Amino acid sequence: MPKIIPAYLTFIIIFSISILFVKGQVVFSQENTQETSNAFPLTESSADDEGGFEDEFEDEFEDEFAASGQEVFDPLSGYNRVMTGFNDGFYIFVLDPVARGYRWVLPDTARRGVKNFFHNILFPLRFVNNALQLKAKNAGEEFLRFSINSTIGILGFWDPAKDLFGLEAHEEDFGQTLGYYGVGGGFHVVLPFLGPSNLRDMFSLYPDMQMDPVNYVEKRPYNFPKQEGEYLGVSRPTIQALEMKLFKTVNNESLRIGQYENLKKDAIELYPFLRDVYEQNRAKLIRE
Amino acid sequence: MQAAKKIIINMLLVAIFSFSFGTTFLFADEVSEIREMTKEKVDHVIITLKDDKLNKEEKKEEILKTIDGLFDFNLMARLSLGKKFWKKLSTEGRNEFTELFVERLKQSYLDKLDLYTDEEVVVDEAKLIKKKRVEVLTYLVSKDDKMEMTYKLYKTKKNVWMVYDVDVLGVSIVQTYRSQFSGVLKKESLEKLIERLRSSAELGS
């Protein structure tokens, strides 16, 4: 009997403490709002009429967003603007029409299959970066996905891992890995054809490329007919890799026609808008 | 003496325990209610989109009616401009800015729906962020894509929960407008910005 009481006591102590910890945030913010609402009980009813809120009420919101008028460190903004204009033109006048033509020629299922295929062979990139971020479960799921899709999914053209087993892909690249370990993005850089990026993600393109089998296409012995030599100083494997990437890009674009134009409508000025969208999205991907 | 002390400690602990447990349930209840409310509205938008009996105009009208009660467009306008610039505007200026901005937001929302094909909306969990803030996580699921959308709600003075911002793939609508506006306002006056909004509104309609 005397042995049971201490055990019972410790259980309750630990349980209550743990619950209090979870609740800590709520209790804390409760106190906060009480303080602020006591400060101006009289303005409550009139505030809504003039379309205004009390300062304190608004400050609570203001804290959730970056301060307005805050300077973004953007030493390349002049170049970036020009390059954004170039990429925009390239998309609208070249890539989009080509993707539309391609969509017209190939049925939906085929294009989806091609997309799945390219996604599947990019498995090393996702696997390595999940592992580097110590996301063991995600890395394991990626491994399972690759095994299932390459076999049952016939070289990855289908995605039975998701459709039958409910295994979702876990997109990770080297930029995200660096971000995970606290490397900041650095200033924003708009790359020709590739679009928005930043210092960190730009340098991560190189290790990412090493993980993309598309770049090793010539090294496969059964690649026939085998052609050697250089064209305009560019080696044959590089050209083949570029061809593959172009094909992949056109195919993927054909599956999201109209989305870029739609997104663009939200922009007041295109460059700062796309920069912001990119940086916010990357920050979220790194947080996960 | 020793026993009495123990009993008092026990009672205290039980009291703390039940208090924290009780409040957890209190909040959990409200949060799930908000989740249901959001789900109902978002589902209604999808049902409206799928309804073959309605023409395009009727669909638009019905959708706007549905989201009007869910989104606090005026607050969104205000937060997008930011406190610093909002304070500089006169009452008429504020009204005009709000009107133009809300028009723009609604138009943008409707434009997005034009791309709608076969997506399903999955309403995931609702999270209590602060006492008066709840985030509802949703996914727009299509055949080969899954887009994360988070609705951020706050409790208004009238004790209704309303959306003040939406994150699409981690990109906050309000934040994006905020940085754009502050960028533009570094070079131009507020009047010019409103002018720009007005002309783009005319172009859009």
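I count two strands as paired if DSSP finds at least two bridges between them; helices (H or I, at least four residues) and strands (E, at least two) are DSSP runs, numbered from the N terminus.

The model is predicted: local features need pLDDT of at least 70, side-chain atom pairs count only at pLDDT 80 or more, and totals for chains, interfaces and linings use all residues. Residues are numbered from 1 along each chain as its sequence is written, while chains are lettered from A and ligands numbered from 1 in the order in which they are written.

Entry 1, chain B. I looked up the sheet and found five strands in an open arrangement, order 1-2-3-4-5, with antiparallel pairing. Strand 1 (120–130) and strand 5 (171–172) of chain B are the edges; each has a single partner strand, so one side of each lacks a neighbour in the sheet. Strand 1 of chain B is joined to strand 2 (residues 133–141) of chain B by eight bridges, and the two run antiparallel. I noted B:Lys127 opposite B:Glu135 in strand 2 of chain B.

Of the 288 residues in chain A, 23% are buried (20 or more other C-beta atoms within 10 Å of the residue's own, C-beta atoms being placed from the backbone).

The axes (lines fitted to C-alpha atoms over the stretch in contact, with angles from 0 to 180 degrees between N-to-C directions) of helix 5 (residues 108–121) and helix 11 (residues 236–254) of chain A come within 9 Å and cross at roughly 130°.

Note on methods: A residue is buried if 20 or more other C-beta atoms lie within 10 Å of its own, exposed if 12 or fewer, and partly exposed in between; C-beta atoms are placed from the backbone.
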